[in-house]
Amino acid sequence: MSKITPIIRVQSADFDLQAEISAVTAGRKNIGAVVTFTGLCRDEQGALSALELEHYPGMAEAEMLRIGELAIERFSLLGLTAIHRFGKIMPGDNIVLVIAAAPHRQAAFDGANFVMDFLKTSAPFWKKEHAADGAQGDWIAAKDADDSARDKWR
């Protein structure tokens with residue numbers, strides 16, 4: 001069996017969910033489950049006009065690759081895609097996509113959760129809020145809940 005390599009991208013452009021699923025599953029008959037997670041920018045009850053996402057180029061992709069390779073190995077995934085956007089993201093727009101393909105559903109669910117829990121805490125991305133009233137927002141601090149979610153995998 002050949003080594004499964006995760007598809008990792010950091011990009012400003014939006015992504016097409018169905019095209020990304022097709023890229024993972026095309027011609028594959030050994031996949032029994034595909035789980036997708038799409039993270040969206042929310043407007044925080046109208047208080048937010050946008051999120052500005054920055055990343056550490058090169059380092060972000062390397063960390064995403066490391067996380068993806070760990071997930072493939074740990075959950076015996078047959079395919080994995082992780083795409084994270086950067087730039088100014090408007091409410092309702094896509095921020096992140098994780099696709100995990102596996103022989104069975106539980107491995108696909110666990111693989112996708114694992115990737116998101118580690119992306120939130122380990123990959124060098126930063127978010128800055130832009131308020132709907134035009135006020136300069138703050139950079140969003142890391143959350144203890146994100147660390148706890150990651151730590152359950154240890």
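Helix α1 (residues 17–25) lies across β1, β2, β4 and β6 and runs at about 25° to β6, where contact means heavy atoms within 4.5 Å. Helices (H or I, at least four residues) and strands (E, at least two) are DSSP runs numbered from the N terminus, while axes are lines fitted to C-alpha atoms, for helices over the stretch in contact, with angles from 0 to 180 degrees between N-to-C directions. This is a predicted model, in which local features need pLDDT of at least 70 and side-chain atom pairs count only at pLDDT 80 or more, although totals for chains, interfaces and linings use all residues. Residues are numbered from 1 along each chain as its sequence is written, and side-chain values use heavy atoms, with hydrogens and water left out.

The four strands form an open sheet of mixed pairing in the order β1-β4-β6-β2, two strands being paired if DSSP finds at least two bridges between them. Because β1 (7–11) and β2 (33–40) each have a single partner strand, these edge strands are left without a neighbour on one side. Within the sheet, β4 (residues 79–85) and β6 (residues 94–102) run antiparallel and are joined by six bridges, and Thr81 has Ile99 as its bridge partner in β6.

Helix α3 (residues 105–122) lies across β2, β4 and β6, at about 145° to β6.
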